[in-house]
Amino acid sequence: MCIRDRYQRRVHGELKKEEMEGAQTALNVESTAQLVEKQVTENIIPSLLDFVRIPNLSRLYDPEWKTNGLLEKAANFLIDWVKSQNIKGLSIELVTEPERPPLIFAEIAPSQQGAGTILFYGHYDKQPHMLPWREGLGPVTPVIEDDKLYGRGGADDGYAIYASLLSIKLCQDQGIPHPRAVIMIEGDEESGSAHLPFYFEKLAARIGTPDIIVCLDSGCPDYETLWITTTLRGVLVGTLKVDIISEGVHSGDASGIVPSTFRIARQILDRIDDPVTGEVNEAFKVNIPPERYAQAYQVAEHLGQKLIDRYPFLPGTKPVSTDPLQAYLNRIWRPALSIVGADGLAPTATAGNVLRPSTSLRISLRLPPTLNPHTAEKAIQEILTRDPPYNAKVSVTGFHAGSGWNAPAFKPFLTNIISSSSKNFFKRDVLFFGEGGSIPFLGFLGEKYPNAQFVVAGLLGPGSNAHGPNEFLHITYLKKLICCMTQIVADSTPHISTQKSA
């Protein structure tokens, strides 16, 4: 039996069971949808508009972050909103440490003794503005247009604290039991979450041991389906520098004798990926687990050509692969190299006929979810620096290694609840998928809390362009996602309170 048939029989069989066993929910579905509609429209969106107006860039993109106070301003703005929501049993504070971006930390007492703990994660720091934006839009001038809120940081990831808090508030407002909740909103995710492990250790006694961890910083391949993320790629980012002479010289005088550092860099990078196909060196590949391959097949079957057409290809240009399944596997399980920056090159408008002394390239290598990033870092250092052409001076510096993530299997109760919430609020089956990007701390959390269940979701969908110009938040998807998160909170409570393993 092929993987596709085995997977579809297993999954669709489970879904039928879930329809029968997961149809019951503690929520009134209609009332919950109405409450979310009102809260998002009247309470969350107006606040998000003001949040977008704060230009709080992440640490790596703002050299003045320690002194300009923008990260603190954004964090305190969110804290003030949380305090205004009249949440029973709430305590919230801004945790600060020298040389570290501050962390928002909130606790909400459970509605009854013996309840388990659910941990919500998000971040409030933002990517650079990436100008220019479309006419009429801007990174800190929010605009609502066609059910989309445009502006930097609304979708990535400003909404997370609002959605997390509202899922508890809605339980309280409807008199539905909820677990103890911990909400951690960091200010360093876009810079690699380097300080997050420190905060987890510092706050370990207050965090406790989460039963469920909800991360609202992922994506969705369309806006009609509840998408739950099960894998994320890792990443290696660093700088390759090639030096050959001590100063620039006239290209007419030296070319043909002095090799071009750009050509040397190209030769070296060809060791990492094939310049024609883009296929990456075997050192950075893994075997794709059968269950993930099967999930990928289902996603490719569901989305088809949309997997490829979502990107802004120019007329006549082509993707790496025109097969949706292979394109999707390339995106979520296979390594891929990108050059994301360069030094040593003059602007084209002012470049003279000079053979340059050096070339520096910032490289980003996406890694398979299960590949150890530190093993990959050692491999790339060795591959790039061995036997340099022309005995050039080659260095690799500034490497940051972020781990990928492969979710632990869901317990049946959680699978049922997620499926039920999808049917209630999206009116269709949930789909499980992999993201091509990275949330490095998830691997850390998986090791720290090996018995926790993970619910990773988000609203970075087609066109949302989180790190580029014209970032937007899809408002209707946000509403449905909050409804689903509320049901997950409400219906999981008895299972994690009694520590059932069903």
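Buried means under 20% relative accessible area, exposed over 50% and partly exposed in between, with a 1.4 Å probe and protein chains only. This is a predicted model, in which local features need pLDDT of at least 70, side-chain atom pairs count only at pLDDT 80 or more, and totals for chains, interfaces and linings use all residues. Residues are numbered from 1 along each chain as its sequence is written, and side-chain values use heavy atoms, leaving out hydrogens and water.

**View 1. Tryptophan 227 meets phenylalanine 433.** Let's start with two rings. Their centres are 5.4 Å apart and their planes stand at 75 degrees, so the pair is edge-to-face (centres within 6.5 Å make a pair; planes under 30 degrees apart are stacked, over 60 edge-to-face, the rest tilted). Tryptophan 227 lies in strand S8 (residues 227-232) and phenylalanine 433 in strand S16 (residues 431-435), 206 residues apart; strands are DSSP runs of E, at least two residues, and helices runs of H or I, at least four, numbered from the N terminus. Tryptophan 227 is buried, at a relative accessible area of 0%, and phenylalanine 433 is buried too, at 2%.

**View 2. A cluster of rings.** Ring pairs join Tyr150, Tyr223, Phe426, Phe472 and Tyr477. In the whole structure there are 12 aromatic pairs.

**View 3. Helix H2 beside helix H4.** Here, Asn43, Ile44, Ser47, Asp50 and Phe51 of H2 touch Ala74, Phe77, Leu78 and Trp81 of H4 (contact means heavy atoms within 4.5 Å). By type, these residues are six nonpolar (Ala, Val, Leu, Ile, Met, Phe, Trp, Tyr, Cys, Pro), two polar (the others, Gly among them) and one charged (Asp, Glu, Lys, Arg).

Conventions: Rings of Phe, Tyr and Trp (its six-membered ring) pair if their centres lie within 6.5 Å; planes under 30 degrees apart count as stacked, over 60 as edge-to-face and the rest as tilted.
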